[in-house]
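Hi,

Here is the model I promised to send over. Have a look at it first, and my notes follow below.

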Amino acid sequence: MPRIILHIDMDAFFVSCEEKRSPSLKGKPAVVGADPKEGRGRGVVSTCNYEARKFGIHSGMPISKAYSLCPKATFLIPDFHYYSKISKNIMKILRNYSERFQQVSIDEAFLDITEKAGDFEKAKLIGFEIKQEIFEKENLTCSIGISVNKLVAKIASDLYKPCSLIVVKEYEISPFLQPLPIRKLYGVGPKTEQKLKALGIETIGNLAQSSKEKLMSHFVVYWLYMILSAQGQGSDFVAEIYGRDSISRERTFFEDIEDFNKLEREIEKIGTFLYQDLNDGGYSYKTVSIKVRLHDFRTYTRARTLGYESTQDREIIHTAKLLVREFEGKKVRLIGVRLSNLKGRKGQRSIVEFC
Ligand code: TTP
Ligand code: MG
């Protein structure tokens, strides 16, 4: 039976938190980020409200550019402590809706509401209930996507922001995904987008119908993942990432890393050490997670659960690399890899070791 997975993402989160404590900001362009110093400032836009987005301002843009696009906007210095307090309140609300809960960043989370909802009609009502509760308690709006897996639920929550609620049932996945530009697919960053476009692949539908051979020659490691994602197949495993039964290693860099190849090399090193830890403990693992801290201390976790218990080093590295692709182009301050769902091997070897 398909699961019912809900993805929730707060709308313009940091700046909405600012509007909550200073309602006079509402309805006018406002930007959270570095001090623009009248256009001479360095640093980037953290986020901005939807009024500022109309001027072309977006997250990650140099603050000087944002200033030149809309000098009359209100520019605010981030208050991470305040935002994370509100984030905790929101996550507490969400946890009450399902035991299967997974926070994935400061303003987004997954819930598996299969048992609670029973069907997609009821799931939609639960989605409205969540929106209502967050609005009443925190005076903030969010967008929700509901589908049979995390991949489609996340795309759905993003598509019609702000304040949306989209349900994509199993038979609706293909017509929903096919017309979307490939960039909407989780894990397709600017470089991959360029490569795909050069192959004539513009939409998710084009990608889903691409020949295996064509993709294999250009994306040696990721081709299968790409085809499956484009077909709307993804994980439906929702769980708190960092349980007790896990091992992890992380590394904080002396200088932030922006070069993605360098970041991948770091993952290989960490993965190799973790593999040694795993072997020393005589464990197998099922879930690989990464933790990424960006230059401005925002911290993200991402996880992927294999359909079997593994003892392999190459799967640790391969999965961690897959998960980290989303952060391509960002300045990374810390990278960590964690293995969880551990089991003692008791002398037994996993089948995948023989494949
Ligand atoms: P997002 O959910 O990506 O963005 P958002 O909530 O501001 O807007 P949207 O309505 O499109 O969801 O990120 C959550 C918060 O993380 C965001 O409010 C600020 C922070 N952030 C940055 O600081 N830099 C970034 O590049 C991004 C993408 C987000
Ligand atoms: Mg958001």
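**A salt bridge to start with**

Asp 9 and Lys 161 form a salt bridge, with their closest N and O atoms 3.3 Å apart. Asp 9 sits in strand S1, whereas Lys 161 belongs to the loop between helix H7 (150-159) and strand S8 (165-167), so this pair ties together parts that are 152 residues apart in sequence. Asp 9 is buried, and Lys 161 is buried too. Please keep in mind that this is a predicted model.

What does the rest of S1 look like, covered or open? Strand S1 covers residues 5-10, and six of its six residues are buried. That goes for both faces: Ile 5, His 7 and Asp 9 are buried on one side, and Leu 6, Ile 8 and Met 10 are buried on the other.

S1 also has partners. One is strand S7 (residues 142-147), which pairs with S1 in the antiparallel sense over six bridges. Here Asp 9 stands opposite Ser 143. Another is strand S6 (residues 108-112), which runs antiparallel to S1 and is joined to it by five bridges. In that pairing, Asp 9 stands opposite Glu 108.

**The ligand**

Lys 161 turns up again here: one of its polar side-chain atoms lies 3.0 Å from an oxygen atom of ligand 1. For Arg 298, an N or O atom in the side chain is 2.8 Å from an oxygen atom of ligand 1. Taken alone, ligand 1 exposes 550 Å², and the protein buries 83% of that.

Which residues come closest to ligand 1? They are Ala 12, Ser 46, Thr 47, Tyr 50 and Arg 298, out of 15 residues that surround the ligand. By type, the shell divides into five nonpolar, three polar and seven charged residues. S1 contributes to the shell as well: together with helix H1 (13-21), strand S3 (45-48) and helix H2 (50-53), it is among the elements that each supply at least two residues.

Side chains of opposite charge can pair when their charged atoms come close.

The side chains of Arg 302 and Glu 326 meet at 2.6 Å, N to O. Arg 302 lies in strand S11 (residues 299-310) and Glu 326 in the loop between helix H14 (313-324) and strand S12 (332-340), so the two tie together parts that are 24 residues apart in sequence. Arg 302 is buried, with a relative accessible area of 4%, while Glu 326 is partly exposed, at 28%. Both belong to a network of salt bridges that also links Glu 108 and Lys 154. Glu 108 is the residue that stands opposite Asp 9 in S6.

The other pair is Asp 158 and Lys 184, whose side chains meet in a salt bridge at 3.6 Å, N to O. Asp 158 is in helix H7 and Lys 184 in the loop between helix H8 (173-177) and helix H9 (190-198), which puts the two 26 residues apart and links distant parts of the chain. Asp 158 is partly exposed, with a relative accessible area of 38%, and Lys 184 counts as partly exposed at 33%.

Cheers

Note on methods:
Residues numbered from 1 in each chain as written. Chains lettered and ligands numbered in written order. Predicted model: local features only at pLDDT ≥ 70, side-chain atom pairs only at ≥ 80, totals over all residues. Heavy atoms only, no water. Buried < 20%, exposed > 50% of the residue type's maximum accessible area, 1.4 Å probe, protein only. Helix = DSSP H or I, 4+ residues; strand = E, 2+ residues; numbered from the N terminus. Pairing = 2+ DSSP bridges. Near = heavy atom within 4 Å. Polar contact = N/O pair within 3.5 Å; in protein donor to acceptor, adjacent residues only side chain to side chain. Areas by Shrake-Rupley, 256 points an atom, 1.4 Å probe, with all protein chains shown as cover. Nonpolar A, V, L, I, M, F, W, Y, C, P; charged D, E, K, R; others polar. Salt bridge = Lys/Arg side-chain N within 4 Å of Asp/Glu carboxyl O.
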